[in-house]
Amino acid sequence: MENTFFTSDDAVVTLKTEADKEKVLEFIAKDEWYTPYIWECFAKEIANAPLFFEQYKEQFETELPNGLKCNVPALDNSNEELMETAKDTGLMLGFPANGGIVVKPTRYTAFTSICQRAGISGSTISNMDEKPLISVLPTMEKAQWLSRGFSLHKADCKILYRDGKVSSMLSKEYEILPANETIPRFERKLREDHPDLTFSSGMFSHEYLVLDYMLNDDIMEDSFISMLSEYGVSAKTVKAGVRFSTSDVGNSCVTAAPFYDLDGARIRLGKPICLSHDKGHSIEQFIKMLNGLAMVFKENEDLVEKLGNTQIKHPGGCFLHIIDKNRSLRSGSEDLADELDAEFPAGCTAIDVFLALNKIVEVRNSRKELNPTQLINLTETIAKLLLINYTDYDHVWTDED
């Protein structure tokens, strides 16, 4: 099967233009969702043996958990794609579709939700690598365990089939909020108050879609840069923006997150607007929530102003104590504390420390360490630091720390 975007299941595609974004939406529009009962599904092993892959290229016979055999449609996956599944999850998922039974390869994004639908968790089922104190459960046995687990569950589920593989097997409570339908409405809504809205950039993977938009609102931007200058923060250019993100494999809500771009560095601010994929939620609800976007910007700017009025005596120490409490930020924080102390030998304000924390994103991006999932998790972790009391961390960092 020809991959439209991805060279591999874990590939990340950078979106630079409006045309890139539109191609992604066209790609997502081809998603296929199936809603079988969980007990109707079953797992099969796909062995890491390329010589046997050809058997799947024509209609092939498979044995169902009840012992009956049936013919299933041929796969249109390439040998490389089947090899990727064989090396990764090693599992095919069978389920009713189109009046018959289909058996499809799975990608890594589906494994957790497959285990959840079977009601099975823990290291025995999830371990993929041989370790000194735990061996790997053979894939055939994993498939049998999962199939047996499926057979005990009477609820229906929602299976996402994307780009030739099963991407997720979500619960019946998961509400599908298709990005290809949500984003055009999201853009139209933002343009009501920000007619000069433009797409800036984005990232797309099998886990996340992340899109950054610039509001191009001179009044907002002039107000923010004026406030920053009052607290000694200089920036040649300040642009207001909104980050849209979503996940169709159950990783996140549909989110609109405010940010400011300071000389090319994007600073996430505080709490985003989020709508979970819980049953009953709709695109219409998310669009209505965007009415509060201006208030979200205002509340976050008030928090920035509070940080600007908070004096910090030990910039590097404050930075390091915050990092110590948020250890996921350690990578990329090297030298930033020293830079703070060098720039502000007589102390600074909490906004200076917050901006230094945001530089961790720049450092990791420059190292090409961040995929969309990591970018979202990191930026949201740092955004929450807008809410903390920085004076609680304002101490000298010692070797004993």
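**View 1. Who lines the second largest pocket, by class.** In this predicted model, the lining of the second largest pocket has 10 nonpolar, two polar and six charged residues. That makes 18 lining residues, and the ones nearest the centre are Val 233, Ser 234, Glu 343, Leu 355 and Lys 359. The space inside comes to about 420 Å³.

View 2. Three elements, β14, α11 (336-343) and α12, each put at least two residues into the lining of the second largest pocket. Top contributor here is α12, with five residues. Domain 2 (187-306) and domain 3 (310-393) both have residues in this lining, so the second largest pocket lies between them.

**View 3. Now for the largest pocket.** This one holds about 540 Å³ of space. Its lining counts 20 residues, and closest to the centre sit Ser 201, Met 203, Arg 243, Asn 365 and Leu 375. Sorted by class, the lining of the largest pocket splits into eight nonpolar, seven polar and five charged residues.

**View 4. Strands and helices around the largest pocket.** Which elements each supply at least two residues of the lining of the largest pocket? They are the strands β10 (198-204), β11 (209-214) and β14 (265-268), plus the helices α12 (350-366) and α13 (372-384). With four residues, α12 gives the most to the lining of the largest pocket. Why does the largest pocket lie between domain 2 (187-306) and domain 3 (310-393)? Because both domains hand residues to its lining.

**View 5. Inside the largest nonpolar core.** Zoom in on a set of 78 residues, where Phe 286, Phe 319, Val 353, Leu 357 and Tyr 390 touch the most other members. Helix α12 turns up again, giving the most to this core with nine residues. Domain 2 (187-306) and domain 3 (310-393) each provide at least three residues of this core.

**View 6. Phe 319 and its contacts.** Leaving out residues up to four places away in sequence, Phe 319 touches Ser 333, Leu 336, Ala 337, Leu 340, Val 353, Ala 356, Leu 357 and Ile 360. Two of these partners, Val 353 and Leu 357, are also listed with Phe 319 among the core residues that touch the most other members.

Definitions and conventions:
Residues are numbered from 1 along each chain as its sequence is written. This is a predicted model: local features need pLDDT of at least 70, side-chain atom pairs count only at pLDDT 80 or more; totals for chains, interfaces and linings use all residues. Side-chain values use heavy atoms; hydrogens and water are left out. On a 1 Å grid over the protein atoms alone, a cavity is a set of points where a 1.4 Å probe fits but cannot get out, and a pocket is an open set with protein on both sides within 12 Å along at least five of seven lines; lining residues have an atom within 4 Å of a point. Grid points are joined across faces, edges and corners, and a volume is the space filled by probe spheres set on the points. Ala, Val, Leu, Ile, Met, Phe, Trp, Tyr, Cys and Pro count as nonpolar, Asp, Glu, Lys and Arg as charged, and the others, Gly among them, as polar. Domain bounds come from an automatic or database domain assignment. A nonpolar core is a set of buried Ala, Val, Leu, Ile, Met, Phe, Trp, Tyr and Cys residues joined through side-chain atoms within 4.5 Å. Buried means under 20% relative accessible area, exposed over 50%, partly exposed in between (1.4 Å probe, protein chains only). Contact means heavy atoms within 4.5 Å.
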